[in-house]
Amino acid sequence: MKNFISEFKKFITKGNVVDMAVGIIIGSSFTAIVNSLVNDIIMPFVSLLIGGINFTDLKLVIRAATETTAETAINFGVFLQNIVNFLIVAFVLFTVVKTMNKLRAKKEEPKPAAPAPTPEDILLLREIRDSLKKD
């Protein structure tokens, strides 16, 4: 049992597990932001452009509701809404990744290497040349 616990402790404290946990937490927070962007900012404009139609209200009624049974319908509007949400989320993620890659590329540009020090024999030859010029 001690061996199992020590293995689990070693596994859980590895950098990859911690990095993954941080990524999942940030990802879920990012999902909430993107969902708000889609539902609260973009979709009202899309609805305005298509004449005030709310996608989620679109459906094909197979059997109308009666006093004893509920309505049976294919809610294709919800499906369309989810497709639009997916496309917008994919576009936002694409732009975020593209921006991050540009920032990373700028950060990783190699700096020009400092010139190598002049070898001692070259320095001596220059001194000889300069002293011969003086004479």
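Biologist: Which residues make up the largest nonpolar core?
Modeller: Happy to start there, with the reminder that this is a predicted model. In soluble globular proteins, nonpolar side chains tend to be buried together. Here the largest nonpolar core has six residues, and they are Val34, Val38, Met43, Phe55, Ile88 and Val92.

Biologist: Which element gives the most residues to this core?
Modeller: Two elements give two or more residues to the core, namely helix 2 and helix 3 (76-107). With three residues, the one that gives the most is helix 2.

Biologist: Which residues is Phe55 in contact with, leaving aside its neighbours within four places in sequence?
Modeller: Phe55 belongs to the six-residue core. One of its contacts, Met43, is a core member too.

Biologist: Is Gln81 buried or exposed?
Modeller: Gln81 is found in helix 3. Not counting residues up to four places away in sequence, Gln81 touches Val38, Asn39, Met43, Phe55 and Thr56. Its relative accessible area is 9%, and buried means under 20%, so Gln81 counts as buried.

Biologist: How many salt bridges are there in the whole structure?
Modeller: Side chains of opposite charge can pair when their charged atoms come close. A search of the whole structure gives a count of two.

Biologist: What is the distance, N to O, in the salt bridge of Lys59 and Glu71?
Modeller: The side chains of Lys59 and Glu71 meet in this salt bridge, with N to O at 2.7 Å. The pair links distant parts of the chain, 12 residues apart: Lys59 lies in the loop between helix 2 (15-49) and strand 1 (60-63), and Glu71 in the loop between strand 1 and strand 2 (72-74). Lys59 has 40% relative accessibility and Glu71 has 36%, so each counts as partly exposed. The distance you asked for is 2.7 Å.

Biologist: In what order do the elements of the protein chain run from the N terminus on?
Modeller: The secondary structure comes to four helices and two strands. Read from the N terminus on, the order is α-α-β-β-α-α.

Biologist: What radius of gyration does the protein chain have?
Modeller: The C-alpha atoms fill a box of roughly 120 × 60 × 20 Å along the principal axes. Of the 135 residues, 8% count as buried. A compact globule of 135 residues would have a radius of gyration near 14 Å, but the protein chain has 33 Å.

Biologist: How much of the accessible surface belongs to carbon and sulfur atoms?
Modeller: The accessible surface of the protein chain comes to about 11,800 Å². The share that belongs to carbon and sulfur atoms is 67%.

Biologist: Which element has the lowest mean pLDDT?
Modeller: Where pLDDT is low, the predicted coordinates should not be read in detail. The protein chain has a mean pLDDT of 83, and 96% of its residues reach 70 or more. Among the elements, strand 2 has the highest mean, 92, while the lowest, 81, is that of helix 2.

How values were computed. Residues numbered from 1 in each chain as written. Predicted model: local features only at pLDDT ≥ 70, side-chain atom pairs only at ≥ 80, totals over all residues. Heavy atoms only, no water. Salt bridge = Lys/Arg side-chain N within 4 Å of Asp/Glu carboxyl O. Buried < 20%, exposed > 50% of the residue type's maximum accessible area, 1.4 Å probe, protein only. Core = buried A, V, L, I, M, F, W, Y, C linked by side-chain atoms within 4.5 Å. Contact = heavy atoms within 4.5 Å. Rg over C-alpha atoms; globule rule 2.2 N^0.38 Å. Areas by Shrake-Rupley, 256 points an atom, 1.4 Å probe, with all protein chains shown as cover. pLDDT = per-residue confidence, 0-100.
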